[in-house]
Amino acid sequence: MTAAAPRHFRKMNGLGNDFVVFDARTHAVAMDETKARAIADRKTGIGCDQLIVLEPSKKADVTMRIWNNEGGEVESCGNATRCIADILFDEKKSTRATIDTKGGFLVAEKGGERLVTVDMGAPRFDWQDIPLSEKFHDTRYIDLHVGPVDAPLIDRPSVVNVGNPHCIFWVKDLDVVDLSKVGPMLEHHPLFPRRANITLARIDDRSHVVIKVWERGAGLTKACGTAACAVMAAGHRLKRLDAKATITLPGGDLFMEIRERDGHVIMTGPVAYEFEGDLPPHLAV
Ligand SMILES: N[C@@H](CCC[C@H](N)C(=O)O)C(=O)O
């Protein structure tokens, strides 16, 4: 039996949310759920929160496809978008890059050395767009209660789609519930037919929020860029946040803005290169 050809990859992260990146612009990469899980495994694979595959695009510099470490392909990833934009800035010797994703067409600009600003597009608040499985007139706060009878209850989250589905619980204390326990239950709640990313958000003042995220298909991560976009969009819609705010995640800060002229969410944050290599034959794609 001949071994599959090794496949070159780059390992990168945005605030500790880490990615194995494959370039399929010249040679096809056959990613699927089984391979994604094997490569993402932190004990027997390379290890990552998400796998990224770059493909040619007719309308953007690149098409970015995203798989969670659990194996499912998803629409959007804020931290990976910054990483890919930085690769493109270097390749194109330009300070602007365009990236097509299932969640939308994104434009990124260089903000400094390994610092990237991305226009993450317009947030969607309609219940069908989140999507939710039942009609909610007002998605600023929905009826969804969490917590056993003998523990503090958190409820009335906001929901928003920023390319992918997010549910945000506004809390005074980020430890009010154990997100590693309630996260998976909420992610799979029947109200979310495509599941959801679950965030606890503590607003410290009108321009600073601290968050913890249980990512759909990836669990607790050090940072989730789209969750920061979702918190910014929902918090501003509730008039609890100014148009510019810093969002602190376990891995560090993202600088967020709701652009006045079109309501788009603008995210600025760092990118980091870790290492590169070739997949061993048993993991080859
Ligand atoms: N880490 C990402 C989000 C990745 C996808 C997410 N888990 C989902 O399933 O929607 C980010 O930085 O946004």
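## A ligand between two domains

By class, four nonpolar, 11 polar and three charged residues make up the shell around the ligand. This is a predicted model, and here is a friendly tour of it. The ligand shell takes residues from both domain 1 (8–121 + 271–283) and domain 2 (145–263), so the ligand lies between them.

**Around the ligand**

- The ligand is surrounded by 18 residues, and the closest are Asn79, Asn164, Arg216, Gly225 and Thr226.
- Two helices, α2 (78–92) and α4 (225–237), each contribute at least two residues to this shell.
- An unreviewed UniProt entry lists Asn17, Gln50, Asn68, Gly78, Asn79, Asn164, Asn197, Glu215, Arg216, Gly225 and Thr226 under "binding site".

**Two listed positions up close**

- Gly78, one of the positions in that UniProt list, lies in helix α2.
- Gly78 is buried, because 28 other C-beta atoms lie within 10 Å, and the cut-off for buried is 20 or more.
- Setting aside residues up to four places away in sequence, Gly78 touches Met120, Gly225, Thr226, Ala228, Cys229 and Met267.
- Glu215, also in the UniProt list, is found in strand β14 (residues 208–215).
- Glu215 counts as buried too, with 28 C-beta neighbours inside 10 Å.
- Beyond its neighbours within four places in sequence, Glu215 is in contact with Asn197, Thr221 and Cys224.

**The nonpolar core**

- The largest nonpolar core has 82 residues, of which Leu51, Ile52, Ile84, Ala228, Val231 and Met232 touch the most other members.
- Helix α4 gives the most to this core, with eight residues.
- Both domain 1 (8–121 + 271–283) and domain 2 (145–263) supply at least three residues to this core.
- Met232 touches Leu241, Ala245, Ile247, Met256, Ile258 and Val265, not counting residues up to four places away in sequence.

**How the domains meet**

- The domain assignment divides the chain into domain 1 (8–121 + 271–283) and domain 2 (145–263).
- Between the C-alpha centres of domain 1 and domain 2 there are 23 Å.
- Across the boundary, 22 residues of domain 1 are in contact with 17 residues of domain 2.
- On the side of domain 1 that touches domain 2, α2 gives the most, with three residues.
- That side of domain 1 has four nonpolar, 15 polar and three charged residues by class.

Note on methods
Residues numbered from 1 in each chain as written. Predicted model: local features only at pLDDT ≥ 70, side-chain atom pairs only at ≥ 80, totals over all residues. Near = placed C-beta within 6 Å. Helix = DSSP H or I, 4+ residues; strand = E, 2+ residues; numbered from the N terminus. Nonpolar A, V, L, I, M, F, W, Y, C, P; charged D, E, K, R; others polar. Domains from an automatic or database assignment. UniProt positions renumbered as here; feature names shortened; annotations may be inferred. Buried ≥ 20, exposed ≤ 12 C-beta atoms within 10 Å, placed from the backbone. Contact = placed C-beta atoms within 7 Å. Core = buried A, V, L, I, M, F, W, Y, C linked by C-beta atoms within 7 Å.
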